[in-house]
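Visitor: I would like to learn how to read this structure. Please take me through some of its features one by one.

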Amino acid sequence: MIAIEVVGLRKSYRRWWRPGHEALRGVDLCVPGGSAFGLIGPNGAGKTTFIKSILGIVQPTAGTVRVLGGSPEDPRIRARIGYLPERLHLPGSWLAPTFLATVTRLKGMTPDPAANQRLLERVGLAEARGRRIGGYSKGMRQRLGLAAALLGDPELLILDEPTDGIDPLGRVEVRRILQEEVRRGATLFLNSHLLAETERVCDRVAILARGQLLREGRLEELSRGGALWTVRFAPG
Ligand code: ATP
């Protein structure tokens, strides 16, 4: 099964003061089901734009996208995807259980308080469940976002910089959760500008720079060929 299939993807952002800026310039990519796939590249390479395009959040200028065998705009497909955005907008006055119950309903599922409590324990937020989200640290907000992405055991997890703002010990915990998800059979699509993080979690990687895919393949092949060095030096 192919989890994500992208052909000829282009995205131009129109800016009023200059002609369209091409953030993606003809990307082809195939992510096998069950893989732990890392998209890496420098800041501004187009990684977030790529993720938003495959989720149907931004409309591509050209190209085709198929996710889990269908359109990312189909609500039945969306319900099978867990997504952690780069920038989380969380309601500050809410408690974490309320937030998870609401996301569950938005996904068309029935909230299960016991399952949601287990999720909060899994991401290390069990003790913070009675505190308003507005008082959470950046790392805690990120963990809550991860819990929301994990709701309902999605087939495909698309995570944009999942350990952003999380302390080193927390990063280890997040990596452990991601590895558990892959063992469960989920496909993981991880966007990170941290090469070391991708190396620890992913078995396949794609390198994006200036809106183009430079290389794609198994991690050890790219490491052996020295291709991963491009990520450290390529400008966005
Ligand atoms: P980062 O790691 O810094 O988030 P990225 O690889 O995810 O970078 P994108 O956020 O996709 O890259 O941005 C790619 C390019 O598109 C950048 O030049 C960025 O300024 C531009 N861009 C992104 N979003 C918009 C937008 N909404 N309007 C205009 N330009 C945008």
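The dialogue below goes through the sheet, some helices and the cysteines.

Guide: This is a predicted model, in which local features need pLDDT of at least 70 and side-chain atom pairs count only at pLDDT 80 or more, while totals for chains, interfaces and linings use all residues. Residues are numbered from 1 along each chain as its sequence is written, and side-chain values use heavy atoms, with hydrogens and water left out.

Visitor: In what order do the six strands of the open sheet lie?

Guide: Strands (E, at least two residues) and helices (H or I, at least four) are DSSP runs, numbered from the N terminus. Two strands pair if DSSP finds at least two bridges between them. Here the order is β5-β6-β7-β3-β8-β9, with mixed pairing. From one strand to the next, the twist averages 15°.

Visitor: Which strands pair with β3 in the parallel sense?

Guide: β3 pairs with β7 over five bridges and with β8 over four bridges, both in the parallel sense. L39 stands opposite N191 in β7, and its bridge partner in β8 is A206. A206 also stands opposite E216 in β9. β8 (residues 204–209) and β9 run antiparallel and are joined by six bridges.

Visitor: Why is β3 described as largely enclosed?

Guide: Buried means under 20% relative accessible area, exposed over 50%, and partly exposed in between (1.4 Å probe, protein chains only). Five of the five residues of β3 are buried, so β3 is largely enclosed by the rest of the structure. Both of its faces are covered: A36, G38 and I40 are buried on one side, F37 and L39 on the other.

Visitor: At what angle do the axes of α5 and α6 cross?

Guide: Axes are lines fitted to C-alpha atoms, for helices over the stretch in contact, and angles run from 0 to 180 degrees between N-to-C directions. Angles under 35 degrees count as roughly parallel, over 145 as roughly antiparallel, 65 to 115 as roughly perpendicular and the rest as oblique. The axes of α5 (residues 138–150) and α6 (residues 168–184) come within 12 Å and cross at roughly 5°. The two helices are therefore roughly parallel to each other.

Visitor: Which residues make the contact between them?

Guide: Contact means heavy atoms within 4.5 Å. R143, L146 and L150 of α5 meet G170, V174, I177, L178 and E181 of α6.

Visitor: Which residues of α3 are buried, and what do they pack against?

Guide: In α3 (residues 96–106), the buried residues are A96, F99, L100, A101, V103 and T104. They pack against α4 (113–122) and α5. After α3 comes G108, with a positive phi near 80°.

Visitor: How many disulfides does the structure hold?

Guide: A disulfide is a covalent bond between the sulfur atoms of two cysteines. The cut-off used is a pair of cysteine sulfur atoms within 2.5 Å. This structure holds zero disulfides. For C30, the nearest cysteine sulfur is that of C202, 16 Å away. That distance is too far for a bond.

Visitor: Are C30 and C202 buried, exposed or partly exposed, and what are the relative accessible areas?

Guide: C30 is partly exposed, with a relative accessible area of 34%. C202 is buried, with a value of 7%.
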